[in-house]
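Please keep the sequence and the coordinates in view while reading.

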Amino acid sequence: MLIRKPSDIPSSLITSKDQYLNRRRFLREALSGAAVAGAAALGIDRVADLISPRTRALAGTKLQTVKSPLSTTGEQLTSYQDITTYNNFYEFGVDKGAPSKNAGGLPTRPWTVRVEGLVNKPKTFDIDTLLKMQPLEDRVYRHRCVEAWSMVIPWVGYSLSEFVKQCEPTSKAKYVEFISYYDKHVEKWTNQSTINWPYTEGLRMDEAMHPLALLTFGLYGEVLPNQDGAPVRIVVPWKYGFKSAKSIVAVRFTDKQPPTTWNEQGPNEYGFYSNVNPNVDHPRWSQKTERRIGQPFYEQRKQTLMFNGYADQVASLYNGMDLKKNY
């Protein structure tokens, strides 16, 4: 029997979301006809409906997209179910399953993103204005967590650089800071008092302007679920996942490196750059391998790639830097 390695699998053979959900529906029917009949009576026929009932108003909303030449190929997509139920979103709990249960109260409409700092003129963008700013692209990216697990996610968005241009930063701007939504009165907001809310992240300007950095509005062709950072987040595929700020409400341009949440929490564990470097272990675990979520147990463990496999595109950004110090 011929067993193909993930790198041998063309994108044409990747299971689509609809096929995946139909397969899951078939198995559910085969295993429990009575249970499915009950679910059907409640109008439940999508995985998204089972995740968080309070997200149904926007869940499943389709986005008009075009294919992107920057998309990663030859990788098996992580299922929609895994992407939306195995999350780091500490505002809604530290357990991986907590955000999908608790983030339903996040108010994603109306939504604005304010721009401040070293810009020609401070301004505020409505979420619908952002959605129409550029054609939305389908981009498959590897997503690598510092906790040594990974996914392959079909994001929807456009290059962050297009948004940055609209912000009109001045020549003095060297960094861009992202500030996430914060409201302790939102139901089921975490009581993690050790974190200095709101969550903040930052990039160097040349990183933010790299075409792979994505201003992200959806996944699997639909709007982002709350637990995945709705309604707008960034995705920086060559960095560890915590660099990809979720539920962004403000963008600030600065001439100095901004403080970031995890760098403040554990400066010996989470550097500002946080580029994926398998040669630098986290103080509490190895980064040499990763566990691909959703794959069969014997296929999950994979070798971690430098810059998460995007070295050819981004390594030049760090010429002359000590990549063990600036991992």
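Q: How many salt bridges does a search of the whole structure find?
A: This is a predicted model, in which local features need pLDDT of at least 70 and side-chain atom pairs count only at pLDDT 80 or more, while totals for chains, interfaces and linings use all residues. Residues are numbered from 1 along each chain as its sequence is written, and side-chain values use heavy atoms, with hydrogens and water left out. A salt bridge is taken as a side-chain nitrogen of Lys or Arg within 4 Å of a carboxyl oxygen of Asp or Glu. Searched in this way, the whole structure gives a count of 19.

Q: Is Glu-222, which forms a salt bridge with Lys-62, buried or exposed?
A: The closest N and O atoms of Lys-62 and Glu-222 are 3.5 Å apart. The pair links distant parts of the chain, 160 residues apart, with Lys-62 in the loop between helix H3 (47-51) and strand S1 (65-67) and Glu-222 in strand S9 (residues 222-223); helices (H or I, at least four residues) and strands (E, at least two) are DSSP runs numbered from the N terminus. Buried means under 20% relative accessible area, exposed over 50% and partly exposed in between (1.4 Å probe, protein chains only). Lys-62, at 53%, therefore counts as exposed, whereas Glu-222, at 3%, counts as buried.

Q: Which residue of S12 stands opposite Ser-150?
A: Two strands pair if DSSP finds at least two bridges between them. S5 and strand S12 (residues 289-292) run parallel and are joined by two bridges. Opposite Ser-150 in this pairing stands Arg-292.

Q: Why is strand S5 largely enclosed by the rest of the structure?
A: S5 pairs in the antiparallel sense with strand S4 (residues 136-144) over eight bridges, and with strand S8 (residues 214-219), also antiparallel, over five bridges. Strand S5 (residues 149-159) is largely enclosed because its buried residues number 11 of the 11.
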